[in-house]
Amino acid sequence: MEIIGKVMCYDWGKLGQQSFVAQLAQANNDQLEVKPDCPYAELWMGDHVNGPATVKRDGKGLDETIRADPVGMIGSATGRLPFLLKVLSIRKALSVQVHPDKVEAEKLHRQFPDIYKDPNHKPELAIALTDFQALCGFRPYAEIGDLLQKSPELQELLGENVLTKFAATDESAVKIAYEQLMHSGPDAVQRCIERIADRMRSSDTEPSELGDLFQRLYADFGCDVGVLSIYFLNYLRLKPGQAIYLAANVPHAYLDGDCVECMACSDNVVRAGLTPKFKDVDTLLRLVAYDCRPGDAMLFQPTLLNLLEEPFTRTFLPPVPDFAVAEISVPSRVGEYSVSNPAHGSILLVVGGKAKLTIAGSDEIMLSMGKIVFLPSSVGRKVLLVLEEAGEPFLAFQAMANDFE
């Protein structure tokens, strides 16, 4: 069944037709009027209570449709999808954040239900659609120490005790330094950031990627403490098709670009910087994982599950049962292509190219950019794509539960 995604207009989204979310959403729903000054940030495709998709044929919510026939829809009596599929178009950085694991999510929901609105964990996967920038995980120990040595402003903010621990290669130095940073008073943080900005403006040194990022975040967020997280967290620049997986408690912030994102069905976020929203600094510092790794180690690699029958399908299989994502990229010269539909159903989002989706005993569905199809478990394990010559590869992403053996 065709579904219409839910558009979310958050401040950080790209504006008007510059937003790939807006382009997809308008192709998905020709009734949508795209306003040039509106930030089209996210397109949600799932049954999450905060933004369920709509079934095109009858206007009902996908959540309602699944609850009416859970076994036929998702092969289970649970009555809801375990995953949420999204597309993001990012103009301005999202907050520095972590997501709690299941135990912490349940506890936070009990204690602060107005802030943490559900009891589920929120591991997530982001696959770049365009050049994509993110902060992700702590930099290697030596790299953080080197950046501190080059910044007299940060040295003053963090104090001699922290610098001594780095000099002694004390393993606790990163934790102590980041806690000191996040607990610094607003006046001290403002003084540090403004002095760094002044030094960059007056310096004759060559521009650097980190310097450019600092100035961009400073322009957008002023003296928010999250601006200084760039000296602690890996700065990743992904190419289309590259992905990062964000397990519980991994600090991160998306900065720029477009991506497909899939996650456990939750909206729990613990924020601590680059945001006007509530900053739960103490909770973030209690949960955050101080696992210092090189940026390249944060990239998440896909798997070819069925090379003979599905050679153009790469599947991202995170270490959680909630979700997996298949990237289906079929050259236009291929006439027909088989796509697996797992036992619990799936959601197919078309990003480019044209094809006809054929299921035995059902109507055919024409696929092009923006088309979103919910494939219930009842349609069986295989569907067929008949590709049209569109001058470009057929590209789609398929979200599903991760029940692969």
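1. Contact here means heavy atoms within 4.5 Å. With that in hand, take Asn-249: not counting residues up to four places away in sequence, Asn-249 touches Val-98, His-99, Pro-100, Asp-101, Leu-287, Val-288 and Ala-289. Asn-249 sits in the loop between strand S12 (243-246) and strand S13 (252-264); helices (H or I, at least four residues) and strands (E, at least two) are DSSP runs, numbered from the N terminus. Its relative accessibility is 15%, so Asn-249 counts as buried. For the cut-offs, buried means under 20% relative accessible area, exposed over 50%, and partly exposed in between (1.4 Å probe, protein chains only).

2. A word on what you are looking at: this is a predicted model, where local features need pLDDT of at least 70 and side-chain atom pairs count only at pLDDT 80 or more, while totals for chains, interfaces and linings use all residues. Residues are numbered from 1 along each chain as its sequence is written, and side-chain values use heavy atoms, with hydrogens and water left out.

3. Now the annotations. UniProt, in an unreviewed entry, lists residues 5-140 as "domain: Phosphomannose isomerase type I catalytic". Positions from UniProt are in the numbering used here, feature names are shortened, and annotations may be inferred rather than shown by experiment. In the model, that span is 23% helix and 26% strand, and its end C-alpha atoms lie 39 Å apart.

4. The unreviewed UniProt entry also puts an "active site" annotation on Arg-271. Arg-271 is in strand S14 (residues 270-273). Is Arg-271 buried or partly exposed? Arg-271 counts as partly exposed, because its relative accessibility is 21%. Leaving aside neighbours within four places in sequence, the contacts of Arg-271 include Ser-95, Val-96 and Gln-97, along with Lys-277, Phe-278 and Asp-280.

5. On to a sheet. Four strands make an open sheet in the order S17-S22-S19-S20, with antiparallel pairing. Strand S17 (336-340) and strand S20 (365-367) are at the edges with a single partner strand each, so one side of each has no neighbour in the sheet. From one strand to the next, the twist averages 30 degrees. Two strands pair if DSSP finds at least two bridges between them; S17 and strand S22 (residues 382-387) pair over five bridges, in the antiparallel sense. Tyr-337 has Leu-385 in S22 as its bridge partner.

6. Phe-312 lies in the loop between H11 and S15 and Tyr-337 in strand S17, 25 residues apart. Phe-312 counts as partly exposed because its relative accessibility is 24%, whereas Tyr-337, at 3%, counts as buried. Rings of Phe, Tyr and Trp (its six-membered ring) pair if their centres lie within 6.5 Å; planes under 30 degrees apart count as stacked, over 60 as edge-to-face and the rest as tilted.

7. The whole structure holds nine aromatic pairs. One of them joins Tyr-245 and Phe-300, with centres 5.5 Å apart and planes at 45 degrees, so this pair is tilted too. Tyr-245 is in strand S12 and Phe-300 in the loop between helix H11 (281-287) and strand S15 (313-316), so the pair ties together parts 55 residues apart in sequence. Both Tyr-245 and Phe-300 are buried. Phe-138, Tyr-178, Phe-232 and Tyr-290 form one aromatic cluster.

Technical notes:
Axes fitted to C-alpha atoms, helices over the stretch in contact; angles between N-to-C directions.
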